[in-house]
Amino acid sequence: MARDRKTVLITGATDGIGRALAEIYRARGERLVLVGRRPLDSLNGGLFSEETYCEADLCEADCADQVCSFLRSRKIDALDLAIQNAATGYYGSVASQTEAGIRSIVAVNLLGPLRLTHALEPYVNNAGGKHVLIGSIAHAFPCPEFAVYAATKEALDVFGRNLRVEGDVNVQVIHPGATQTGIHRKSGWQEENASAYPPAERVARRIARAIEGRGSVVTIGLRNRMLRFCGRYCGRVIEALMRWRAR
Ligand SMILES: NC(=O)c1ccc[n+]([C@@H]2O[C@H](COP(=O)([O-])OP(=O)(O)OC[C@H]3O[C@@H](n4cnc5c(N)ncnc54)[C@H](OP(=O)(O)O)[C@@H]3O)[C@@H](O)[C@H]2O)c1
């Protein structure tokens, strides 16, 4: 039986691109499941309610169980879209990072999506839906001082690629480029040129369009597509140039 509205799950829906995506799907009248680590009473706006908001810290090993128990409690057995968008980062050398910090980046950016893809596949399958993994062009283009973040994004890309080859899980990987959100500040990077980046709302609109399309790996924006291509296929030259500039 055809359902009259889609059910869309978004992780990292409390800020930045995830929140902007949630606004887009709310405006379309879709049923939302918004996953975030903040307590519900700290969130304002019409987006978040007992019905839509699942509090789950993706650093925790049982995060997928928490999300599934939320779905069961709301009698949701099918997801048209499971958008794995949450991420965290750290700006600085690997040596300056704490072990706990490295673990939390890997947990949120990689282990969380792996666990959730595994746990949510029956729901996505029930709806004939799609998993969407939000990556970053940082997986292909050198991103100095963000090495752990970039490594998790590369691993996410590889995960998506292999699921596609296996063929029984419908998955799309979307790579945005630099966007004006809080992630840079939260990572400890005071980027002076951040105002030149496109706003989260514009990037989210382009991501939503990409989700409607058929591309299995989509990079958002022509400039980012070129950067990703150069990073992928002219990596050594780019790395040498960046090392030379950093001297
Ligand atoms: N902004 C960029 O320049 C850029 C570029 C390329 C790719 N991306 C990707 O775009 C996606 C969205 O990032 P954004 O820029 O919108 O960043 P953001 O504004 O910081 O949003 C990230 C979201 O993830 C949530 N999150 C972080 N740690 C979490 C945890 N332990 N448990 C649950 N949720 C957690 C954050 O929660 P809080 O609200 O509590 O912080 C927030 O809702 C990420 O996958 C990122 O890698 C961003």
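The expected span of a helix is taken as 1.5 Å times one less than its number of residues, and helices themselves are DSSP runs of H or I with at least four residues, just as strands are runs of E with at least two, both numbered from the N terminus. The structure is a predicted model, in which local features need pLDDT of at least 70 and side-chain atom pairs count only at pLDDT 80 or more, whereas totals for chains, interfaces and linings use all residues. Residues are numbered from 1 along each chain as its sequence is written.

Helix α4 has 20 residues and extends 29 Å from its first C-alpha to its last, which is close to the 28 Å expected at 1.5 Å a residue. Burial was assigned from C-beta atoms placed from the backbone: a residue with 20 or more others within 10 Å of its own is buried, one with 12 or fewer is exposed, and one in between is partly exposed. By this criterion, the buried residues of α4 include Val148, Tyr149, Ala150, Leu156 and Gly160. Their cover includes α3 (99–127), β5 (130–134) and β6 (171–175), where contact requires C-beta atoms, placed from the backbone, within 7 Å. Phe159 also lies in α4, which spans residues 147–166, but Phe159 counts as partly exposed because it has 18 C-beta neighbours inside 10 Å. The C-alpha atom of Phe159 is separated by 9.7 Å from that of Val171, 12 residues apart along the chain. After α4 comes Gly167, whose phi is positive, near 90°.

Positive phi values also occur in residues other than glycine. Glu145, in the loop between β5 and α4, has a phi near 75°, and Glu145 is partly exposed because 16 other C-beta atoms lie within 10 Å. Lys75, found in the loop between α2 (63–73) and β4 (81–84), has a positive phi of about 55°, and Lys75 is exposed because 6 other C-beta atoms lie within 10 Å.

Of its 28 residues, Gly12, Gly16, Ala87, Thr181 and Ile183 come nearest to the ligand. Both α1 (16–27) and α5 (183–186) supply at least two residues of this shell, and the largest share, three residues, comes from α1. By class, the shell holds 11 nonpolar, 12 polar and five charged residues, where Ala, Val, Leu, Ile, Met, Phe, Trp, Tyr, Cys and Pro count as nonpolar, Asp, Glu, Lys and Arg as charged, and the others, Gly among them, as polar.

Definitions and conventions: A residue is near a molecule or strand if its C-beta atom, placed from the backbone, lies within 6 Å of it. Two residues are in contact if their C-beta atoms, placed from the backbone, lie within 7 Å.
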